[in-house]
Amino acid sequence: MNIRQKITEFVGFVLNDSHNESDLNQLIQKLDELPLLVYCAKFEFDPEDYNDPPTANYSDTRKTINSKFPELGLYHSAQYTDDLECTGELLLGDAVDDLADIVGDLLEIEWYFENTSDANALWHLEMSYRGHWGNHLRELQLYLYRHHY
């Protein structure tokens, strides 16, 4: 599996501003494939000190996603807790924000592939998945499963 190519394809699909009826179904399938990239990533840690990637334009990304996926909206989510006695709190999620955050992190991974080593890019893929975009991915998948299947 070419991880770099799959990331580029996903980002290109989401940020392509043309819209057709099958986009949402394609998005659902493509989201299902993203965690496989992380699990297939094999690398040895690269100790080299590299520059940080430039900051992506969140506003532009969000605008493109709103245009391409007008059916995405807000949703409720339960607050995560390890405490079984906690009643939990109902949170408000935003599917467009979830997708924009996923794309933003993957744009950074693309930058790492282009400007650092493959090992460094794969390390950032795994760390950003575990620390940030993986949660957005799972919340978005649950929303799509409940509302658009």
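Modeller: A helix here is a DSSP run of H or I at least four residues long, and helices are numbered from the N terminus. Helix 5, by that rule, covers residues 118–148, and Asn135 is found in it. The model is predicted.

Biologist: Why is Asn135 called exposed?

Modeller: Exposed means over 50% relative accessible area. Asn135 has 53% relative accessibility, so it counts as exposed.

Biologist: Why does Thr55 get the label exposed?

Modeller: The cut-off is again over 50%. Thr55 has a relative accessible area of 75%, and is therefore exposed. Thr55 lies in the loop between helix 2 and helix 3. Its C-alpha atom is 18 Å from that of Val96, which is 41 residues away along the chain.

Biologist: What makes helix 1 and helix 3 roughly perpendicular?

Modeller: Their packing angle is about 70°, and the axes are 8 Å apart. Angles of 65 to 115 degrees count as roughly perpendicular, so helix 1 is roughly perpendicular to helix 3. Phe13, Val14 and Leu15 of helix 1 make the contact with Thr61, Thr64, Ile65 and Lys68 of helix 3. By class, these residues are four nonpolar, two polar and one charged.

Biologist: Why is helix 3 called oblique to helix 4?

Modeller: The axes of helix 3 and helix 4 cross at roughly 125° and come within 9 Å. Roughly perpendicular ends at 115 degrees and roughly antiparallel needs over 145; helix 3 is therefore oblique to helix 4. Helix 3 passes helix 4 in a right-handed crossing. On the helix 3 side the contact involves Tyr58, Thr61, Arg62, Ile65 and Asn66, and on the helix 4 side Val96, Asp97, Leu99, Ala100, Asp101 and Val103. Six of the residues in this contact are nonpolar, two polar and three charged.

Biologist: How do you know that helix 1 and helix 4 are oblique to each other?

Modeller: Their axes cross at roughly 140° and come within 10 Å. Roughly antiparallel would need an angle over 145 degrees, so helix 1 and helix 4 are oblique to each other. The crossing of helix 1 and helix 4 is left-handed. Helix 1 contributes Arg4, Ile7, Thr8, Phe10, Val11, Val14 and Leu15, which meet residues of helix 4 including Leu99, Val103, Leu106 and Phe113. The contact of helix 1 with helix 4 has twelve nonpolar residues, one polar and three charged.

Biologist: What makes a group of residues a nonpolar core, and which residues have the most contacts inside the largest one?

Modeller: Members must be buried nonpolar residues of the listed types, joined through side-chain atoms within 4.5 Å. The largest such core has 38 residues, and those with the most contacts inside it are Phe10, Leu27, Leu31, Leu72, Leu99, Leu106 and Leu125. Helix 1 (3–15), helix 2 (23–40), helix 4 (95–115) and helix 5 each supply at least two residues. Helix 4 gives the most, with eleven residues.

Biologist: Which residues does Leu106 contact, leaving aside its neighbours within four places in sequence?

Modeller: Leu106 is in contact with Ile7, Phe10, Val11, Leu34, Leu125 and Trp133. In soluble globular proteins, nonpolar side chains tend to be buried together.

Terms used
Residues numbered from 1 in each chain as written. Predicted model: local features only at pLDDT ≥ 70, side-chain atom pairs only at ≥ 80, totals over all residues. Heavy atoms only, no water. Buried < 20%, exposed > 50% of the residue type's maximum accessible area, 1.4 Å probe, protein only. Contact = heavy atoms within 4.5 Å. Axes fitted to C-alpha atoms, helices over the stretch in contact; angles between N-to-C directions. Parallel < 35°, antiparallel > 145°, perpendicular 65-115°, else oblique. Nonpolar A, V, L, I, M, F, W, Y, C, P; charged D, E, K, R; others polar. Left-handed = near helix turned anticlockwise from the far one by under 90°.
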